[in-house]
Amino acid sequence: MKDAIEIKNLNVSYGKHTALRDISLSVEEGEYLGIMGPNGSGKSTLLKAILGLVPAKSGEIRIFGNTLHDNKKILGYVPQFSDLDRSFPISVGEVVLTSMQKGGLHPFFRFSKQQREEAEKSLEAVGLSGYSDRSISQLSGGELQRLLIARALAAGPSVLLLDEPTASVDPKSRELIYGLLGKLNKKITIIMVTHDMTAISSEVKKLACLNETLVYHGEPRLTEKVVSELYGCPVDLIAHGLPHRVLKEHDGGEHCC
Ligand code: ADP
Ligand code: MG
């Protein structure tokens with residue numbers, strides 16, 4: 001299998017603050033990688049570094065063997081929900097079409113019939129066919145999240161990067177999104193980050209645990225040691241799709257969360 005993404009000794013800082021430390025990680029083509037870690041552990045930063053949105057202080061990132069950052073067509077990005085302004089007056093169909101327009105929108109620009117059909121196909125893929133003319137302010141959290149996935153898909157990416165895709169959605173939409181990502185993974189590589197252990201669904205093939213640096217990378221099974229390193233204390237593991245397993249009681253020690 002080819003590596004879709006290869007990261008070697010990556011360090012990222014915001015000024016003096018280190019966000020990612022010495023990350024080395026490979027993602028094979030066709031993989032579905034879940035990246036888990038508490039808030040502030042650098043998950044969003046890692047996705048942004050792969051996308052070339054934040055610079056590496058040192059280290060290397062290769063996308064299908066290429067270090068160039070002209071990867072917009074290869075990488076589809078579903079940003080964190082909270083980054084969005086839902087009151088922005090734009091329709092569902094327009095949101096999807098914006099991913100197909102290169103070089104920004106200019107006055108009197110019109111999308112082609114083919115682009116509109118592509119947009120409709122992406123909406124269909126996420127179960128939103130017929131929603132094209134609705135304003136985004138009329139969508140539920142789950143529908144909006146699926147719309148963001150449709151938008152990323154419309155550009156035909158080989159790798160889909162999702163930032164906390166199930167954080168702000170109801171349980172039904174959550175299941176829908178897991179099912180959808182499992183289906184999409186038959187064709188494309190998926191990297192999903194989450195702070196929520198229950199978001200590591202049975203479709204996830206590999207798991208990476210991040211807390212500024214990589215604490216674990218391997219099969220989607222968690223041990224007490226890894227969870228402890230990740231969250232600073234033992235927590236109950238009742239992850240969706242993972243065998244139910246409850247770790248030892250909190251001891252309330254000084255490093256406990
Ligand atoms: P996560 O997505 O796991 O919650 P982030 O990647 O957003 O973590 O943040 C990692 C660390 O970097 C945090 O300590 C956060 O405060 C810091 N950070 C994130 N973005 C910026 C930024 N634009 N400027 C300065 N610090 C940032
Ligand atoms: Mg984040």
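Predicted model: local features only at pLDDT ≥ 70, side-chain atom pairs only at ≥ 80, totals over all residues.
**Notebook: the sheet and its helices**

Residues are numbered from 1 along each chain as its sequence is written, chains are lettered from A and ligands numbered from 1 in the order in which they are written, and side-chain values use heavy atoms, with hydrogens and water left out.

I use strands (E, at least two residues) and helices (H or I, at least four) as DSSP runs numbered from the N terminus; two strands pair if DSSP finds at least two bridges between them.

I then examined the pairing of β8 (residues 206-211) with β9 (residues 213-218), which is antiparallel over five bridges. A208 stands opposite H217 in β9.

I traced the open sheet of six strands in the order β5-β6-β7-β3-β8-β9 and found mixed pairing. β5 (75-78) and β9 are at the edges with a single partner strand each, so one side of each lacks a neighbour in the sheet.

I checked β3 (residues 32-36) against β7 (residues 189-194): they run parallel, joined by five bridges. M36 has T194 as its bridge partner in β7.

Lastly, I looked up helix packing, with contact meaning heavy atoms within 4.5 Å and angles, from 0 to 180 degrees, taken between N-to-C directions of lines fitted to C-alpha atoms, for helices over the stretch in contact. Helix α4 (residues 141-154) packs on the sheet and touches β5 and β6 (159-163), its direction making about 165° with that of β5. Helix α6 (residues 224-231) also packs on the sheet, touching β3, β8 and β9, at about 40° to the direction of β8.
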